[in-house]
Amino acid sequence: MRGVGIVGEVELAWFLGRPPAALVALQPTPTWADGESEPTAGARVGPLVASQVRPIEGLVLGSVHMPVAVNAYTGGIADWPARIVVRLTGSRRAVIALHVALGGLLIVLVHRFLRFRGTDVAAAIAALFLATDWSFLFYRKVLGGTELLLQAAGLLCLWAIWSRRWGGDRHGLVALGLAVGLGLCAKLTFGLTLVAFSLATLLMRWDRPNMKPPRIEGVAAGLLAVVVCTAPLWITALHHGLAVPTHIPSHDFPQLQLRRVSAALTGGPHPARETLANLWFWLSEPLAFFGPAYGVDGLPGPSPWRIAGLVLVAAGTALGWRDRHHPTPHAALLRFCSVALVLQVGLLWGVARDLHHLAQATPTFAIVA
């Protein structure tokens with residue numbers, strides 16, 4: 001991993017401050033992509049600048065440029081900590097240290113969740129799993145904030161569901177609203193994780209104690225949290241919809257992304273990095289993904305130790321399901337997460353097969369393990 005740097009596009013976004021000016025047309029008049037330069041194919045309303053290139057929506061306050069939305073389906077708030085660190089230190093190493101620290105915090109939160117809702121042994125094993133999982137560590141380094149926020153939102157979603165199901169936590173719906181809003185703001189592919197957890201909640205209704213109906217104020221607070229947290233994306237959509245009549249052909253906008261999703265679901269043409277084999281790579285040896293995806297040679301084959309671990313996890317999960325007639329909170333958590341994991345991985349694999357999308361399911365996988 002030490003020989004791999006940062007994804008260039010992500011690093012440039014941290015260091016450049018103002019996005020580079022780009023022309024989207026030369027004839028009949030040179031036309032600029034963003035609303036800061038005239039003539040423009042973008043737009044500007046106060047401090048909000050709409051652009052045809054990434055970031056498609058920015059917040060401009062004097063010399064400070066912060067991304068509101070990287071593209072139509074990815075919020076820009078997750079990159080703010082890295083940009084602030086770069087502005088303060090000018091150091092790439094400081095940004096990597098930040099992401100390592102935040103990744104460590106996520107591991108601590110998974111450990112704490114399982115200490116409260118599972119067992120001490122389960123908490124230690126999950127923390128060790130994440131601290132040594134290649135895909136979890138790799139995407140902390142090369143992508144950073146967005147991947148962290150996606151996984152943190154998934155953990156918060158699970159924590160809120162479990163607090164509601166077994167703890168009767170009155171704050172569970174607010175926490176769930178925050179999880180949904182933060183996850184969707186990070187990237188709309190979080191919707192697949194949300195669908196998986198929702199289906200698991202419905203399918204596993206039998207495996208919990210009786211609950212009182214949710215209080216209306218809790219539901220209202222949760223919905224408000226979703227609206228506030230997703231504001232960067234819906235503000236971007238409104239700004240572009242009202243002020244930018246046409247967009248250049250780009251996968252940063254919905255039209256081409258919908259075609260990619262359609263191709264994935266129907267077996268049509270797809271990028272080399274989005275093959276069906278990615279599920280096997282994620283399970284057996286994530287590093288092998290870079291062979292077919294990017295033509296890298298000399299990569300390792302499936303790890304026998306990792307496969308042996310998968311067999312142990314499957315066997316332990318089967319034992320957990322045998323004890324379903326005598327529900328306890330930690331056994332019910334295993335059953336719930338095993339169902340959620342299958343649904344989450346299945347949806348991500350079916351719609352968004354790139355390895356970094358499948359990596360969203362790594363914390364769920366660690367909790368099951």
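1. A residue counts as buried when its relative accessible area is under 20%. By that cut-off, buried residues make up 46% of the 369 residues in the protein chain. Bear in mind that this is a predicted model.

2. Overall make-up comes next. The protein chain has 17 helices and 7 strands. Its radius of gyration is 22 Å, close to the 21 Å that the globule rule gives for 369 residues, so the chain is as compact as a globular protein of that length. Along the principal axes, the C-alpha atoms fill a box of roughly 75 × 55 × 45 Å.

3. Now the contacts along the chain. Take those between residues at least 6 apart in sequence: 62% of them join residues at least 24 apart.

4. Helix α14 spans residues 304-322 and helix α15 spans residues 329-351. Their axes come within 9 Å and cross at roughly 125°. That angle makes α14 oblique to α15. The crossing of α14 past α15 is left-handed.

5. Which residues in α14 and α15 meet? From α14 come Gly316, Thr317, Gly320 and Trp321. From α15 come Leu334, Arg335, Ser338 and Val339. Sorted by class, this contact has 3 nonpolar, 4 polar and 1 charged residues.

6. Finally, a single residue. Threonine 364 sits in helix α17, residues 362-368. Is threonine 364 buried or exposed? Its relative accessibility is 6%, so threonine 364 counts as buried. Set aside its neighbours within four places in sequence, and threonine 364 is in contact with Phe197, Cys337, Leu341 and Gln344.

Conventions. Residues are numbered from 1 along each chain as its sequence is written. This is a predicted model: local features need pLDDT of at least 70, side-chain atom pairs count only at pLDDT 80 or more; totals for chains, interfaces and linings use all residues. Side-chain values use heavy atoms; hydrogens and water are left out. Axes are lines fitted to C-alpha atoms, for helices over the stretch in contact, and angles run from 0 to 180 degrees between N-to-C directions. Helices (H or I, at least four residues) and strands (E, at least two) are DSSP runs, numbered from the N terminus. Angles under 35 degrees count as roughly parallel, over 145 as roughly antiparallel, 65 to 115 as roughly perpendicular and the rest as oblique. A crossing is left-handed if the near helix is turned anticlockwise from the far one by less than a right angle, and right-handed if clockwise. Contact means heavy atoms within 4.5 Å. Ala, Val, Leu, Ile, Met, Phe, Trp, Tyr, Cys and Pro count as nonpolar, Asp, Glu, Lys and Arg as charged, and the others, Gly among them, as polar. Buried means under 20% relative accessible area, exposed over 50%, partly exposed in between (1.4 Å probe, protein chains only). The radius of gyration is taken over C-alpha atoms; the globule rule is 2.2 Å times the number of residues to the power 0.38.
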